[in-house]
Structure formats: structure tokens, C-alpha cells
Amino acid sequence: MQIAYLECTRCGEHLSADLPQNICPKDGGVLFVRYDLASLKGKLRPENLSGRVASMWRYAEVLPELPAGEKPVTLGEGFTPMLPSREYPNVYVKDEGLNPTGSFKARGMSAAVTMAKHYGLRNLAAPSAGNAGGALAAYAAAADIEAHIFMPKDVPLANRMECDYYGANVTLVDGLISDCARMVAERIDKEGWTKNEDGWFDVSTLKEPFRVEGKKTMGYEVAEQLGWKLPHGIIYPTGGGVGMIGMWKAFDEMEELGWIGSDRPKMITVQAAGCAPIVKAWEAGKSTSEMWSGAATFAAGLRVPKAYGDYLILDILKKSQGAAVAATDEEILAATGYWASIEGVFAAPEGAASLVAYQKLRASGFFRTEDTVVLFNTGSAYKYLDVIEAQEKKVRREPAVAQEIARHIGGIIGPF
């Protein structure tokens, strides 16, 4: 659909989408794409989606409209399966590991690179904990655009290798994703696209408006795959939090279109105990988070010391009467093995954290057996084999701890 304007999520400022935009120039707020959905209401109905392509582009009317002759940069991302749990009644696993490049990051990068190509941008840059870099590299290759990716040197091997094979320019950094982000910002400040038509454009998490648009399609899919009835809860692994932010935006859009009512799922953030700034802020009743010191977890995508959109995530938790849960690395590893052996889903560590959160919320009474809950697996464990193996070796050195955690969630931890 034609973009009406870009809106700052802090001050409400409206910006034109005629040129590339990053963040609000007034206050640095995240920009949302806004459409004239009122004009679409009644013309597009859920039943109109029947028979459409099984990708995120089936929702083209609520994604940026391209001029005649331009096509999306797509590798078949989206419309991933919603798998009924074999163990828990009313629980579903949304398996984003079946996306191109093996994670949910494909959605956001498909939309962002599509618009970058539309704008004529030639060099895209981003920091990445792993999967976003791989997705950027893949979609940039498909669009014949240069990708510049800054990654911590200890990212999973698959992430580094895929970026290399896609032809991206990779810089390995001795530090965290926050250090990578600083380096990208410094480089763009010196030679960004506004200074040079061949300069770099920042496609970092929430530093441009279109990755949210790709990620929001997860919300449309959850609704469609559940018969246009939203679940009681959604558990989402949260590093940068774009997926949660995007889904919440999707729910508002669907209500405006008349597809759903005003009820919303309880949105649940799950983070690693070794890097849980959102959990800490939520428990303290704060509206923003503090930089997490000494971030450490083998779930690379959760090793984000401070999310740029933390204020949006915490607001969503509050509005949805949700919760924020921390999972230890031992619990995450146990859940990875358990999900694989019981559900047949070999989840990324970040995704496996969703199971840990569900177990804890069921035990506390937050969720009941009859509540419909969607657990997001955000990626494939095949991209984490080296870090999973390293974590298994670490846990084996403390077998008593490993077995206690395994008993706690009823699972297994690797081939002891």
C-alpha cells in the first residue's frame, strides 16, 4: 500500500518516505510506517488471502507499495508453520527456523533490502549478533547491493561463513553487538549516504523503518493460522525486540482493518539470565532499560546489552499485561534437547528459551492449561552447532547441575 508517512514513536513527528530515513531527527525515536488503512477497510478481507503465495508478501496490501515494474527482493520468506505441541494442549510452536537463511531475520531484511533497492542505495551496513548479518548478506546479494557487516568475533561459525559466501564485507569485532553498532555509526557519520551517493546506509535494528514491516507479518500469520483469533499469549525471545514490536503493530493494523477485535495476547519477553536488561527494567517498573554490564550467554541473539527500542518493548508488556522472564544458559540448553526429542523441532538457543519461559509461567499459574499460547522458535539450531557443542562440554563439567536442570524441565541435555 502507498505509504502515507513515517511516524516517530516518541514525539509523533511525521516524516516523508520519499527519501530514505533512519530515525527521528528530533529525538532519535524509532520510525513506524503508516498507511491509509481506513481506505482499505472493507476492500481487503481475510478471505481474499486464500490461494495467495505462501510467503510474507501475501500481505502486500499492508506492506510498502512498489512502483510498476519493481518487485520485492524475496527468497520465499514467511508463512512458516504453526506446529501444535505434542506435549502441551493449546500450545503452538511458530517455527521461524524454516525461513531462508534459517531465522526470522529473513523477513525484516527482505523488506529493508527491497526498499533500499527502491531508493537506489548501494551500500548497506549493520551490526549483527549473527543471524541478521546472514540475512542482510543474502538479500543484499540477491539485490546486487554491497553489504557491510560488523559481528562479534565469537559469533556462531555458520553466521560468519554464510556472510562470507554471500559476498558480504565482514568485520569481526572483539566485543559485543553494542561495540559493533558503535563502529557502524562512526563509519556512517564519516561517509554515510547523505554525504556520498555511494556512502553507507544504516539498516541496524530499529534504525530504519522497514525491518519492522517485514517482522510484523509474523503477527498477521499468527492470526491467520489460528483462524483470525489471537492467542492468549505469545512468548518471544527478545534481543533487539523487533519481532515483538512488529507483531504489536500488526495487531493494531488488523483491528483498524476490521479483521480482529481489541483483545490482545499477553506478550512475554524471554531473555538470557546473563543478559536480561528488559527483564530487569520490567521488574523494576521502569519504562526504559539500562545498559547490561558483562553480557554473557551462548544464545548469541539474546546477547544485546541494551535494545534501541526498549521503551517500545516495555510499553507492549505493560499494555498487554504480559511478563518478562529470564532463562539460564543451562535451562536453555536443556530445553534445546528436550524440544528436539519431544517435538521434533531443533530450535536455536534463543527459540528454546521460549519453552523455558512457558514452563515457568505454567508453574507460576500465569498461564493455564486451557490458554492458547504461541512459542516462537526464532531460528534453526543447525546454525549453532559449534556453540551448542561448546555449551554441552561446559555443562558436562558440572553433571549435577546439568541433571538437576534436566529434571526441572523434564528434558535431556545432549548425549551424556
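Predicted model: local features only at pLDDT ≥ 70, side-chain atom pairs only at ≥ 80, totals over all residues.
The pairing of S1, which spans residues 3-8, with S2 is antiparallel and rests on two bridges. Across this pairing, Leu6 is found opposite Leu15 of S2.

Helix H5 covers residues 210-225 and includes Glu224. The relative accessibility of Glu224 is 18%, and buried means under 20%, so this residue counts as buried. The side chain of Glu224 makes a polar contact of 2.5 Å with the side chain of Tyr59. With neighbours within four places in sequence set aside, the contacts of Glu224 are Leu49, Arg58, Tyr59 and Phe79.

Trp228 is not a glycine, yet its phi is positive, at about 65°. Strand S10 itself is mostly covered, with five of its five residues buried. Gly233, Ile235 and Pro237 point one way from the strand, while Ile234 and Tyr236 point the other way, and all are buried. S10 pairs with strand S11 (residues 266-272) in the parallel sense, over five bridges. Within that pairing, Pro237 has Val270 of S11 as its bridge partner.

Attention can now turn to a pair of helices. The axes of helix H6 (residues 242-257) and helix H8 (residues 310-319) come within 9 Å of each other and cross at roughly 55°. That angle makes H6 oblique to H8. The crossing by which H6 passes H8 is left-handed. On the H6 side, the residues that meet H8 are Met244, Ile245 and Trp248. Their counterparts in H8 are Leu312, Ile313, Ile316, Leu317 and Lys319.

Two loop residues complete the picture. Arg45 is located in the loop between S3 and S4. With a relative accessible area of 42%, Arg45 is partly exposed. Its side chain reaches the backbone oxygen of Gly42 at 2.9 Å. Arg45 and Ile3 are separated by 42 residues in sequence and, from C-alpha to C-alpha, by 20 Å in space. Asn90, in turn, is found in the loop between strand S4 (82-84) and strand S5 (91-95). Asn90 has a positive phi of about 70°, although this residue is not a glycine. The relative accessible area of Asn90 is 33%, which places the residue in the partly exposed class.

Methods
Residues numbered from 1 in each chain as written. Heavy atoms only, no water. Helix = DSSP H or I, 4+ residues; strand = E, 2+ residues; numbered from the N terminus. Buried < 20%, exposed > 50% of the residue type's maximum accessible area, 1.4 Å probe, protein only. Polar contact = N/O pair within 3.5 Å; in protein donor to acceptor, adjacent residues only side chain to side chain. Contact = heavy atoms within 4.5 Å. Pairing = 2+ DSSP bridges. Axes fitted to C-alpha atoms, helices over the stretch in contact; angles between N-to-C directions. Parallel < 35°, antiparallel > 145°, perpendicular 65-115°, else oblique. Left-handed = near helix turned anticlockwise from the far one by under 90°.
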